[in-house]
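Visitor: Could you walk me through this one, cut-offs included?

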Amino acid sequence: MELGIVSPNFPDAGQSQRPLAEVSACSAASESSMNAACECLLRQSPPLPPKELPYPAIEENRKKMEQWLLSYYKARTFNACHHQPLLPMEGPPLRLMIDPDAKPVACHTPVDVPIHWRGDVKAGLDQYCKMGVNEKVPIGTPVTWCHRMVVCAKKNGKPRRTVDLRLRH
């Protein structure tokens with residue numbers, strides 16, 4: 001039911017009525033405000049690269065240069081707020097270099113997630129949806145390419161979501 005696949009009145013026939021994830025409070029912050037509703041710095045487009053360095057490029061200025069870079073790019077590159085959607089990137093579209101004769105493969109078998117990680121994995125997926133990294137696919141949408149999510153342990157014991165890009169039939 002949490003995934004929106006099974007309706008709350010299961011096993012009766014019908015579609016799930018679960019609404020898509022709500023927009024976070026941060027994304028509702030006005031563009032004119034310096035801080036988002038969560039008290040984080042509001043995401044902004046990156047500034048233009050500087051035409052010259054603010055300090056001479058010598059070892060003695062390394063710390064000052066590091067602080068300047070962190071401050072200069074803090075609203076975009078170093079903004080780690082998990083509540084605001086990410087801004088779209090600029091530049092040419094990403095091209096995937098794949099074999100032109102490759103046949104689309106869709107894996108519909110769900111991945112096994114250890115029970116002690118399920119809450120963290122679900123929260124991470126929901127967070128990515130709120131940030132605009134992932135999006136929910138409406139029920140009934142045909143899928144041509146779909147690879148399995150694989151969950152493994154990070155060094156700290158928390159789950160890491162990865163994708164198995166091997167082709168399976």
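This is a predicted model: local features need pLDDT of at least 70, side-chain atom pairs count only at pLDDT 80 or more; totals for chains, interfaces and linings use all residues.

Visitor: How far is the sulfur of cysteine 146 from the closest cysteine sulfur?

Guide: A disulfide is a pair of cysteine sulfur atoms within 2.5 Å, and the structure holds zero of them. For cysteine 146, the closest cysteine sulfur belongs to cysteine 107, too far for a bond because the separation is 6.8 Å.

Visitor: Is glutamine 84 buried or exposed?

Guide: Glutamine 84 is found in the loop between H1 and H2 (helices are DSSP runs of H or I, at least four residues, numbered from the N terminus). Its side chain reaches the backbone oxygen of leucine 41 at 2.9 Å and the backbone nitrogen of arginine 43 at 2.9 Å. With a relative accessible area of 3%, glutamine 84 is buried.

Visitor: What is the relative accessible area of leucine 96?

Guide: Leucine 96 lies in the loop between helix H1 (62-72) and helix H2 (118-131). Leucine 96 counts as exposed, because its relative accessible area is 67%.

Visitor: Which residues do salt bridges that share partners join into one network?

Guide: A salt bridge here is a side-chain nitrogen of Lys or Arg within 4 Å of a carboxyl oxygen of Asp or Glu, and the count comes to three. Arginine 62 meets glutamate 59 at 3.9 Å, N to O, and glutamate 66 at 3.3 Å. Aspartate 126 and lysine 122 meet at 2.8 Å, both in helix H2 and four residues apart. The network with shared partners joins Glu59, Arg62 and Glu66.

Visitor: In S2, which residue is the bridge partner of arginine 148?

Guide: Strand S1 (residues 148-153) and strand S2 (residues 159-164) run antiparallel and are joined by six bridges; two strands pair if DSSP finds at least two bridges between them, and a strand is a DSSP run of E, at least two residues. In this hairpin, with five residues between the strands, glycine 157 takes a positive phi near 90 degrees. Arginine 148 has as its bridge partner in S2 aspartate 164.

Notes. Residues are numbered from 1 along each chain as its sequence is written. Side-chain values use heavy atoms; hydrogens and water are left out. Buried means under 20% relative accessible area, exposed over 50%, partly exposed in between (1.4 Å probe, protein chains only). A polar contact is a pair of N or O atoms within 3.5 Å; within protein, one must be able to donate a hydrogen and the other to accept it, and residues adjacent in sequence count only if both atoms are side-chain atoms.
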